[in-house]
Amino acid sequence: MSVGLVIVSHSRRLAEGVVELATQMAPEVAVLPAGGLPGGEVGTDYESVSAAMSDADSGSGVVLLYDLGSAQMTAELAVESLGDPSTAVVADAPLVEGAVAAAVAAQGGQDLESM
């Protein structure tokens, strides 16, 4: 089991693009997008982020990366709402580079605390 990743973006296409790139570098890691609003509009959605966290967590925790400030707030709210918030971390890192680095680290076996 490896740490999972969730890409929180205002844009569905941006989140999916970052996921595509990260999974090319770390194909064994669960990297899931949580981008845009359910109707396809630009924005972030708490329910989508929460669902992606649940799906990405294989038991080793989840790292969330975000594009803009309100995506950060949505990610933090989703983490705070977990039964055990220590199982997820909102990373303050560049979105693309951070996602690739985190995915490679997760595939290499690093745990949540060391990421």
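This is a predicted model: local features need pLDDT of at least 70, side-chain atom pairs count only at pLDDT 80 or more; totals for chains, interfaces and linings use all residues.
Residues are numbered from 1 along each chain as its sequence is written, and side-chain values use heavy atoms, with hydrogens and water left out. Helices (H or I, at least four residues) and strands (E, at least two) are DSSP runs, numbered from the N terminus.

Which residues of helix 1 are buried? They are Ala 15, Val 18, Val 19 and Ala 22. Look down the helix axis and these buried residues fall within an arc of 105°, so they line one face of helix 1 (the arc is taken from the directions from the axis to the C-beta atoms). An α-helix has 3.6 residues a turn, so residues three or four places apart point the same way. The cover over the buried residues of helix 1 includes strand 1 (4-9), strand 2 (31-35) and helix 4 (95-107).

## Length and cap

Helix 1 runs over residues 12-25, and at 1.5 Å a residue its 14 residues should span 20 Å; the end C-alpha atoms are 20 Å apart, which agrees (the expected span is 1.5 Å times one less than the number of residues). At the N-terminal end, Ser 11 is the cap, with a side-chain oxygen 3.4 Å from the backbone nitrogen of Arg 13.

Strand 1 has 6 of its 6 residues buried, so it is largely enclosed by the rest of the structure. Gly 4, Val 6 and Val 8 point one way, Leu 5, Ile 7 and Ser 9 the other, and all are buried.

Strand 1 runs parallel to strand 3, joined by 5 bridges, and Val 8 has Tyr 66 as its bridge partner there. With strand 2, strand 1 also pairs in the parallel sense, over 5 bridges; here Val 6 is partnered with Leu 32. Two strands count as paired if DSSP finds at least two bridges between them.

## The nonpolar cores

A nonpolar core is a set of buried Ala, Val, Leu, Ile, Met, Phe, Trp, Tyr and Cys residues joined through side-chain atoms within 4.5 Å. The largest has 19 residues, and Leu 5, Ile 7, Val 29, Val 31, Val 63, Leu 65 and Ala 103 touch the most other members. Strand 1, helix 1, strand 3 (62-66) and helix 4 each supply at least two residues of this core, with the largest share, 5 residues, coming from helix 4. A second, separate core of 15 residues includes Val 49, Ala 52, Ala 78 and Val 79.

## Two loop residues

Is His 10 buried or exposed? His 10 is buried, at a relative accessible area of 13%, and sits in the loop between strand 1 and helix 1. Its side chain makes a polar contact of 2.7 Å with that of Ser 70 (a pair of N or O atoms within 3.5 Å; within protein, one must be able to donate a hydrogen and the other to accept it, and residues adjacent in sequence count only if both atoms are side-chain atoms).

Glu 28, in the loop between helix 1 and strand 2, counts as exposed at 65% relative accessibility. Leaving aside neighbours within four places in sequence, Glu 28 is in contact with Ser 2 and Gln 107 (contact means heavy atoms within 4.5 Å). The C-alpha atoms of Glu 28 and His 10 are separated by 26 Å.

Conventions
Buried means under 20% relative accessible area, exposed over 50%, partly exposed in between (1.4 Å probe, protein chains only).
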